[in-house]
Amino acid sequence: MTTLTTVAALIQEVIGEDWDLDDEITLESSFADDLELESIEFVALAEKMQASFGEGVDFVGWLSGKELDEIIALKVGDVVEFIDACRT
Amino acid sequence: MPHLTANDQELHHQLLGDATSDATPCVFAHGLLVDNLSSWYFGAAPIVAASRLAVCYDLRGHGLSSHAADGYDVGTGARDLIALLDSLGLQQVDLAGQSWGALICLRVALEHPERVRRLVLCEAPLPPSSLTEMASVINSDPQELLNMLPESLREAFSGGKRRALKAASRLKRLLTESSLIADLKAEGDIDDELLAALSQETLLLYGDDSSCRPVADRLLELVPHASLKTLPGGHYLAAERASDVGALIKEFLDG
């Protein structure tokens, strides 16, 4: 499973079964505009990523170093890139 | 999600920073209705967490905590917070609250002085009716309430799709399927004598343009160990001026 597939599955999990996404999740999908992730869903996602990728991927630490507007501007590709960089 | 049952509620919380730090942990309480722990979690909390454990939690009926039909009064909120501290094994903490969360923190500090070292009241509305936003909540006009939000929070209701629908349905549920409005209406002021008996060092944070800015002057006069910092901004200060609020809280707690 690629990092993107895992991240996409976690995003869908956070959004919940009741809410289908219109489009497929790609590296270019933005969390705010395309996926319409709420900030509280981002908190939940951060935790799921940490659990899924382990302590070596300090996703919460990475996020907490960012301002809210930077977080809002993030794309799925930014997160995938960060995870891959931590694991190499 | 870390949830724990406190005061018969499932409360969602998140920990930031070093849990083994010797410094007093700081617990953050958010405001009502449109707020949840993310305004602290993505704002001031990580700044404060550089020198101590920071705990953010969702109030009952908010964020990822379970829905509650009642108990939105300050007294019940304070009991929820004490139960959360007990469950986490935190004997003494610093408390930082925004708006209604500040009233909850203040109540805990007054009723359980031994549990609270220092106190940060960000935009505490006293009496609650001092807040213009409160009037639109009580009049049940969600649109008016939304119009008063700063841009960063209004984002949650924008887009017209999933996020907006979800946020609007949650707001509607709180306004129409819980005792929240009745609880707000019933919440009274705190007597001057009680405020004068507050023993903790207290930092007051208020926005220059906030409708409850005059409350700061009353608290400054009555609370024995209070200091005031004002920032450009309105009522939703913790979200609107997150970095400044974080730096001020950190300086206050570290000092």
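Hi everyone, let's start with the sheet in chain B: eight strands form an open sheet with mixed pairing, in the order β1-β2-β4-β3-β5-β6-β7-β8. Keep in mind that this is a predicted model.

Which strands sit at the edges? They are β1, residues 3–6, and β8, residues 226–231, of chain B, and each of these pairs on one side only. As you go from one strand to the next, the twist averages 25°.

Let's zoom in on one pair. Strand β3 of chain B covers residues 26–29, strand β4 of chain B covers residues 54–57, and the two pair in the parallel sense over four bridges.

Now for the helices. Helix α13 of chain B, residues 242–254, lies across β3, β5 (93–98), β6 (116–122), β7 (201–207) and β8 of chain B. Against β6(B), helix α13 runs at about 155°.

Next, a pair of helices. Two packed helices are described by the angle between their axes and the distance between the axes. So how do α3 (residues 74–88) and α4 (residues 100–111) of chain B cross? Their axes come within 8 Å and cross at roughly 70°. Angles of 65 to 115 degrees count as roughly perpendicular, so α3(B) and α4(B) are roughly perpendicular to each other.

And who meets whom? On the α3(B) side we have V74(B), G75(B), G77(B), A78(B), L81(B) and I82(B), and they meet L103(B), I104(B), R107(B), V108(B) and E111(B) in α4(B). The residues of this contact divide into seven nonpolar, two polar and two charged.

Methods:
Residues are numbered from 1 along each chain as its sequence is written. Chains are lettered from A and ligands numbered from 1 in the order in which they are written. This is a predicted model: local features need pLDDT of at least 70, side-chain atom pairs count only at pLDDT 80 or more; totals for chains, interfaces and linings use all residues. Two strands pair if DSSP finds at least two bridges between them. Axes are lines fitted to C-alpha atoms, for helices over the stretch in contact, and angles run from 0 to 180 degrees between N-to-C directions. Two residues are in contact if their C-beta atoms, placed from the backbone, lie within 7 Å. Angles under 35 degrees count as roughly parallel, over 145 as roughly antiparallel, 65 to 115 as roughly perpendicular and the rest as oblique. Ala, Val, Leu, Ile, Met, Phe, Trp, Tyr, Cys and Pro count as nonpolar, Asp, Glu, Lys and Arg as charged, and the others, Gly among them, as polar.
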